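Me: I'd like to learn how to read a model like this one. Can we go through a few features together?

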Amino acid sequence: QDNIFIPWASVDYDFIQTLGLHVIAGRDFSRQAGTDHLQAFIINESAVTLFGWKNAQDAIGKNITRGDSRTGKKGLVIGVIGDFNFSKLDRPLDPMIMDVNVPRFTSFAVRVAADHIPATIQYVGEKWKTYFPDRVFEYSFLDEDINALYKAQENLARLVSYFALVAIFISCTGVFSLASFMAVQRTKEIGIRRVLGANLVSIAALLSKDFQRMVFIAMLVAVPLAWWLMHEWLNDFVYRTSLSWWIFVAAAAGTLLITLLTVSLQAVKAGRRNPVKSLRSE
């Protein structure tokens, strides 16, 4: 009557028990009832809210017509199940209605013990050939089907990781080359400082000071941009993790540490040279 469109699933009497769903009000479908396949519906909590009923218990016994008001299936709500995810996690929990309608069955759900999978598949396959000899027996595992939904995200994560490693390698190569160039340019200055008593730590600090300043400026640009990009990406998911501040602090600290180690290697190498050779006139 209100023309509300929601997902609908035709199931068997054992569907809710097989998938481990929870009936929070009313009852499950039952063969003993005799008329459940004709006039019984089970809805989820989100459907209760969508229909404007007070709570799950209040929904029991309410009238529903699925389809056209004249020719559609009319019945009563006999049970309410807790919300569960029946689509990808980037979607909110949608309302759902279930009924028993054998002609609409397109597949079977079988709960299999982990230590009896081959034997169970063989048994089910034999029964399938007995009852459906004209149809090919095909099966898949639910956990693998669920994992396949997020294959694109896994591939994206792997691709980002590869590009990140390449970017880090290129950056380290550039810093190493630039530090080597600066060490050569300041060879005499380093030699004078060594003669005057400067130690290797002060030499490393001298060369790394400019690099750390550049890294700090780069982080001021990169951190807000990275936070914005990650925030926009996570917004596509209803169920998502939060962006913790320590992730960006750790990234900045790691970048500074890599830069410091790269520059310090060149500084120590330059500082250990013989000052006499460094100061010798060309």
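Predicted model: local features only at pLDDT ≥ 70, side-chain atom pairs only at ≥ 80, totals over all residues.

Me: Where is D99 found?

Reply: D99 sits in strand β6, which covers residues 97-100.

Me: And is D99 buried or exposed?

Reply: The idea is to look at relative accessibility: under 20% means buried. D99 comes out at 0%, so it counts as buried.

Me: Which residues is D99 in contact with, leaving aside its neighbours within four places in sequence?

Reply: They are W8, A9, S10, V11, F29, A40, F41, R66 and K73. With K73 there's a polar contact too, side chain to side chain, at 3.1 Å.

Me: Now helices. At what angle do α7 and α9 pack?

Reply: Helix α7 (residues 151-185) and helix α9 (residues 200-234) pack at about 165 degrees, and their axes are 12 Å apart. Angles over 145 degrees count as roughly antiparallel, so that's how α7 runs relative to α9. The crossing is right-handed.

Me: Which residues meet there?

Reply: From α7 you have Q153, L156, V175, L178, A179, M182 and A183, and they meet L207, D210, F211 and W233 of α9. Sorted by class, this contact has nine nonpolar residues, one polar and one charged.

Conventions:
Residues numbered from 1 in each chain as written. Heavy atoms only, no water. Helix = DSSP H or I, 4+ residues; strand = E, 2+ residues; numbered from the N terminus. Buried < 20%, exposed > 50% of the residue type's maximum accessible area, 1.4 Å probe, protein only. Contact = heavy atoms within 4.5 Å. Axes fitted to C-alpha atoms, helices over the stretch in contact; angles between N-to-C directions. Parallel < 35°, antiparallel > 145°, perpendicular 65-115°, else oblique. Left-handed = near helix turned anticlockwise from the far one by under 90°. Nonpolar A, V, L, I, M, F, W, Y, C, P; charged D, E, K, R; others polar. Polar contact = N/O pair within 3.5 Å; in protein donor to acceptor, adjacent residues only side chain to side chain.
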